[in-house]
Amino acid sequence: MSVTIPVVSTPNVLGGKPRVEGTRVGVHQIGSLVREHGWSTAAVAEAFDLTPDEIDAALAYYEANPQEMDAITTEANRFRKRLADESRAPR
């Protein structure tokens, strides 16, 4: 019997971005670490105290919603650029 792990979005948690229910771990973060940065699912599960089912659910959502994930990436990149532009730290 498989366990269904829901991916949820709530306005007051992670800015409404999809996450694993009961956590503040975003689907985009999991997908990015595994698909873009080469982390193993076991490493992500250990780092964030998630189960394999939770990782699988997040990756399934990540892969099923590429436009949403791209929009989250774009937003994060714009935020990083704005911080860099406004930073007083030496470059």
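**Pockets and salt bridges**

The residues that line the largest pocket comprise six nonpolar, three polar and three charged members (nonpolar: Ala, Val, Leu, Ile, Met, Phe, Trp, Tyr, Cys and Pro; charged: Asp, Glu, Lys and Arg; polar: the others, Gly among them). The model is predicted, so that local features need pLDDT of at least 70 and side-chain atom pairs count only at pLDDT 80 or more, whereas totals for chains, interfaces and linings use all residues. Residues are numbered from 1 along each chain as its sequence is written, and side-chain values use heavy atoms, with hydrogens and water left out.

The largest pocket holds about 200 Å³ of space. A pocket is an open set of points on a 1 Å grid over the protein atoms alone, where a 1.4 Å probe fits, with protein on both sides within 12 Å along at least five of seven lines; lining residues have an atom within 4 Å of a point. Points are joined across faces, edges and corners, and the volume is the space filled by probe spheres set on them. Its lining includes Leu14, Lys17, Arg24, His28, Glu75, Ala76 and Phe79. Helix α4 gives the most to this lining, with four residues, and α1 and α4 each supply at least two (helices are DSSP runs of H or I, at least four residues, and strands runs of E, at least two, numbered from the N terminus).

The second largest pocket contains about 170 Å³ of space. Among the residues lining it are His28, Ser32, Tyr62, Met69, Ala76 and Arg80. Seven residues, the largest share of this lining, come from α4. By class, the lining divides into four nonpolar, four polar and three charged residues.

Four salt bridges were found in the whole structure (a side-chain nitrogen of Lys or Arg within 4 Å of a carboxyl oxygen of Asp or Glu). One of them joins Lys17 to Glu75, with the closest N and O atoms 3.4 Å apart. This pair links distant parts of the chain, 58 residues apart: Lys17 belongs to the loop between β1 (7-8) and β2 (19-20), and Glu75 to helix α4 (residues 66-86). Both Lys17 and Glu75 also line the largest pocket. Lys17 is partly exposed at 25% relative accessibility, as is Glu75 at 43% (buried, under 20% relative accessible area; exposed, over 50%; partly exposed, in between; 1.4 Å probe, protein chains only).

Arg35 pairs with Glu63 at 2.3 Å between the closest N and O atoms. Because Arg35 lies in helix α1 (residues 27-36) and Glu63 in helix α3 (residues 52-64), the pair ties together parts 28 residues apart in sequence. A further salt bridge, at 2.8 Å from N to O, joins Lys81 and Asp85, which lie four residues apart in helix α4, about one turn of the helix. Lys81 is exposed at 52%, whereas Asp85 is partly exposed at 45%.
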